[in-house]
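Biologist: Please take one part of this model and go through it closely, giving the cut-offs as you use them. I would also like to see how that part sits within the rest of the chain.

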Amino acid sequence: GYVSGWGGCVYISGSSPTITNCTISNGSTGIHAGGIHIENNANPRFSNCLITDNSVTNVSGDGGGIYCTLNSSPIFEDCEITNNTSAGTGGGIRVLSSDITLIGCTITGNVALNNAGGIELLSNSTATITNCNISDNIAGTSGGGLYSSGSFITIDGTTMVNNTSLN
């Protein structure tokens, strides 16, 4: 369904749920997070989930699949983040002033009309990316697979191929 604000499918604020074996799909929002919005010191853990076909429709919006902000620290393990779109930035994932851990995830086929087709990290965010596949993502400007500004990244055992920046 469509939400005019945040989190087309899931909205997590200040809590730490464990979400396992789920499909989060076909969510849409105008501003942030077509699929999952995480904020306010939230520390959710997602395991073996499919986050797909979600969208952000406004050019000032971000995070087609996942939007994480305000000192949150989600963990995604063995998840697929695929075919999400953003009319703004962060087609697959946008992280702002937060920390994210991705283990054994596939981030593929995501599109952003601006920066970061796959993953966007901003404003002192930290990402730990281990044994992931980041491929076939498209950004309209910069960072087809990964875009980082003022953030810290650790990448280990990860494949990044066939990502495209159009500008």
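Modeller: Among the contacts between residues at least 6 apart in sequence, 83% join residues at least 24 apart; contact means heavy atoms within 4.5 Å. This is a predicted model, in which local features need pLDDT of at least 70 and side-chain atom pairs count only at pLDDT 80 or more, while totals for chains, interfaces and linings use all residues. Residues are numbered from 1 along each chain as its sequence is written, and side-chain values use heavy atoms, with hydrogens and water left out.

The chain has zero helices and 25 strands. Helices (H or I, at least four residues) and strands (E, at least two) are DSSP runs numbered from the N terminus. Of the 167 residues, 51% count as buried, where buried means under 20% relative accessible area, exposed over 50% and partly exposed in between, with a 1.4 Å probe and protein chains only.

The part to look at is the aromatic pair. The structure holds one such pair. The ring centres of Phe 46 and Phe 76 are 4.7 Å apart and their planes meet at 5°, so the pair is stacked. Rings of Phe, Tyr and Trp (its six-membered ring) pair if their centres lie within 6.5 Å; planes under 30 degrees apart are stacked, over 60 edge-to-face, and the rest tilted.

Leaving out residues up to four places away in sequence, Phe 46 touches Ile 12, Ile 19, Ile 24, Ile 36, Ile 38, Ile 75, Phe 76, Glu 77 and Cys 79. The C-alpha atoms of Phe 46 and Ile 75 are 6.2 Å apart, although the two residues are 29 apart along the chain.

Ile 75 leads on to the next strands. Strand 11 (residues 75-77) pairs with strand 15 in the parallel sense over three bridges; two strands pair if DSSP finds at least two bridges between them. The bridge partner of Ile 75 in strand 15 is Thr 101. Strand 15 in turn pairs with strand 19 (residues 126-130), again parallel, over five bridges, and there Ile 100 has Ala 127 as its partner.

In a regular strand the side chains alternate between the two faces of the sheet.

Elsewhere, six strands form an open sheet in the order 2-6-10-14-18-22, with parallel pairing. Strand 2 (10-13) and strand 22 (146-149) are its edge strands, each pairing on one side only. Strand 2 is joined to strand 6 (residues 36-39) by four bridges, and Ser 13 has Glu 39 as its bridge partner in strand 6.
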